[in-house]
Amino acid sequence: MSKLVIVESPGKIKSIKKYLGAGYEVMASVGHVRDLPKSRLGIDVEHGFAPQYINMSDKKELIKSLKAAAAESEMVYLATDPDREGEAISWHLAQLLSLDMNEDNRVAFNEITESGVKAGMSKPRKINLDLVDAQQARRVLDRLVGYKISPFLWKKVKSGLSAGRVQSVALRLIVDREKEIEAFNPQEYWTIDAKLQSGRRSFASYLYGTSAGEKLEITCATDAERIVSELDGAEYVVDSVKTGIRNKQPAPPFTTSTMQQEASRKLGFGGQRTMKVAQQLYEGAEIPGMGVTGLITYMRTDSLRISEEARAATNKYIVSRFGEKYLPKKARYFKTKAGAQDAHEAIRPTNVNLDPEMIKGSLTTEQYKLYKLIWERFVASLMSACVQDTVAVDILAGNYMFKASGYSIKFDGYTVLYEEGKDEKDEEMNVLPPMNKGDVLKLKSLEPNQHFTQPPQRYTEPTLIKALEENGIGRPSTYAPIIANISNREYIEREKKSLKPTALGTVVTELMKNHFKKIVDIKFTAGMETNLDKIEIGSLNWTDVLSDFYGDFETVLKKAEQSMDGVRVKVPAVETEVICEKCGRKMVVKNSRFGKFLACPGYPECKNTKPMPEDEIKQPCPKCGAKLVKRVKRGTNKAFYGCSNYPACDFAAPGIPTGDVCSECGGYILKGFKGRKYCMNADCPSRKKK
């Protein structure tokens with residue numbers, strides 16, 4: 001009889017089986033095998049909030065196979081992912097397979113490498129019921145909120161809406177930011193910039209204030225013109241030169257949150273895409289001479305801890321590749337933020353010697369990009385600081401003082417390999433010419449410039465993830481699903497990289513704020529996350545947390561239903577300047593499962609509709625000759641081109657038809673990314689040619 005190891009993902013089977021060798025069988029649960037029923041609440045609120053789990057219908061054959069394999073095995077090890085969710089899946093499997101809960105049958109792999117797998121197998125333990133209870137509490141909380149408030153929204157706004165416990169807070173952040181932007185009153189201010197020359201080199205400086213060192217604020221053109229007039233003919237003299245050295249430290253290795261933020265900034269990856277690719281890197285890739293090898297440690301973590309073994313190997317690599325001076329004299333340790341679970345290490349490569357360029361041929365393009373980002377960030381985090389020579393110069397001109405500052409790189413340090421992306425523009429490197437006190441400078445130009453204060457920026461995906469983390473909303477595994485949920489529900493839309501609430505999202509948020517204040521209260525939601533963490537360490541009982549929440553929640557729900565009895569909230573339509581040619585009204589923006597379109601507000605008297613102006617395509621439908629329109633697949637940002645005559649004509653394609661047909665199969669020729677032309681027929685021989 002063999003021993004059975006059950007993992008979550010089928011992608012791990014091959015590598016784990018290789019590391020364990022003969023005598024082991026490895027199977028995958030493919031995620032959860034049991035869950036709450038979809039058709040009803042599935043929670044007995046009268047008897048300790050007992051969840052009523054059922055076997056998942058699409059896992060019927062898999063469950064049968066797992067039971068058969070377990071019955072024939074001398075030992076069953078549960079090796080699901082090393083987090084709350086994975087612990088709960090192991091618990092469900094143990095119940096399903098009738099395993100002994102007191103047996104040491106739970107193992108965890110922080111990395112899918114030979115050492116990682118063998119280390120996990122050498123330390124089997126009992127299933128951690130505190131972790132299971134924390135996950136159950138989250139699941140029940142989310143079910144109570146979703147299944148109780150969502151029907152309220154269906155009756156008061158429109159059918160098909162949902163209200164998630166954590167997603168509602170994320171949506172509120174976006175809606176509140178939009179209100180700040182709309183209410184913002186820009187204030188005028190002026191700057192005066194002088195271009196000066198010392199020797200043969202010119203440099204930029206700005207008016208700071210008076211010659212006495214008092215800072216000036218210029219609020220109107222009149223004051224700016226007066227100062228420029230007073231500076232006419234003034235001599236520009238260096239009053240002081242201060243030099244210094246600045247050490248710029250590297251960013252710490254990635255946590256889940258910072259990895260998603262940086263992948264968005266540098267690679268343009270959304271949170272879900274980042275996590276999907278990271279999962280693939282964790283499970284492993286086929287590396288020549290090594291077989292299937294896990295490339296990164298577990299990717300759901302809020303810790304900055306690094307194993308000493310990984311640190312030593314990386315230090316050795318840094319010295320061999322870059323030299324001794326690129327390794328700091330004192331080892332750098334990063335402090336994990338307060339409140340972090342710290343269950344796993346920071347995200348790092350499992351083997352630092354697997355240089356991204358060395359294994360590029362074994363990875364897909366997106367795997368290579370993310371692995372390179374993780375690898376460079378980790379290695380750079382242990383390298384020497386970047387040393388900069390700084391200089392600050394004060395310049396007197398009549399009754400005024402100008403300032404100039406700059407820096408130059410004295411030692412590049414970690415920046416030879418990697419620099420962190422920023423949400424806001426960094427100061428530009430300004431190298432100043434040599435100057436001494438008393439030097440007289442030549443004025444090249446003096447320019448007053450008008451400015452206006454800017455409203456706060458809309459959230460982008462990385463800045464929203466950062467805000468959620470800073471406010472204690474959600475946990476590493478939830479950031480990507482939160483954003484995906486509010487996007488899929490059409491509560492938000494994207495304008496380039498910015499996240500903007502839709503009219504529907506704003507209406508839902510205002511309704512939640514008016515009737516379910518706690519659910520969308522940031523501090524309350526963060527406090528609930530803290531309670532879940534306390535359940536995990538055994539200091540709180542999960543049913544007590546649910547009981548405290550539900551008593552008040554049920555009262556609030558009843559009050560909301562009474563106060564809104566007979567009331568239905570209308571979602572305002574977005575009016576455009578496009579005139580309906582049939583009745584003369586201004587058309588409004590509507591949504592369908594194919595994306596946005598224009599409709600006459602006179603419906604049902606006038607039923608005129610048309611595609612959004614930017615979505616009209618000049619090329620006609622190759623199938624019926626009608627207009628083609630650009631559409632977006634629901635819940636994604638993926639565009640496709642479909643016939644406006646749908647459903648009478650079902651033509652749809654990922655690219656724009658060129659009007660030509662393929663010489664090899666007769667299929668339609670499409671124009672895709674960067675103008676590349678290809679046959680629409682996926683089986684066409686031309687598609688298979690290199």
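**Close-up views of a predicted model**

View 1. Leaving aside neighbours within four places in sequence, Gln135 is in contact (heavy atoms within 4.5 Å) with His32, Arg84, Glu85 and Ala88. The model is a predicted one, in which local features need pLDDT of at least 70 and side-chain atom pairs count only at pLDDT 80 or more, while totals for chains, interfaces and linings use all residues. Residues are numbered from 1 along each chain as its sequence is written, and side-chain values use heavy atoms, with hydrogens and water left out.

**View 2. Pro356 in the loop between helix 10 and helix 11**. The loop that holds Pro356 runs between helix 10 (308-322) and helix 11 (365-381). Pro356 is counted as buried because its relative accessible area is 3%. Not counting residues up to four places away in sequence, Pro356 touches Tyr368, Tyr371, Lys372 and Trp375. Val241 lies 115 residues from Pro356 along the chain, and the C-alpha atoms of the two are separated by 45 Å.

**View 3. Lining of the largest cavity**. The residues that line this cavity are Arg165, Lys518, Ile519, Phe524, Thr525, Met528 and Phe549. Helix 15, residues 522-536, gives the most to the lining, with three residues. The space in the largest cavity is about 50 Å³, and the count of cavities of 30 Å³ or more comes to two. A cavity is a set of points, on a 1 Å grid over the protein atoms alone, where a 1.4 Å probe fits but cannot get out, and lining residues have an atom within 4 Å of a point; grid points are joined across faces, edges and corners, and a volume is the space filled by probe spheres set on the points.

**View 4. The protein chain as the setting of the close-ups.** The secondary structure of the protein chain comes to 17 helices and 28 strands, and the C-alpha trace spans about 95 × 75 × 70 Å along its principal axes. Of the 690 residues, 46% count as buried. Among contacts between residues at least 6 apart in sequence, 66% join residues at least 24 apart.

Key
Helix = DSSP H or I, 4+ residues; strand = E, 2+ residues; numbered from the N terminus. Buried < 20%, exposed > 50% of the residue type's maximum accessible area, 1.4 Å probe, protein only. 1 Å grid on protein atoms, 1.4 Å probe; cavity = no way out; pocket = protein on both sides within 12 Å on 5 of 7 lines; lining within 4 Å.
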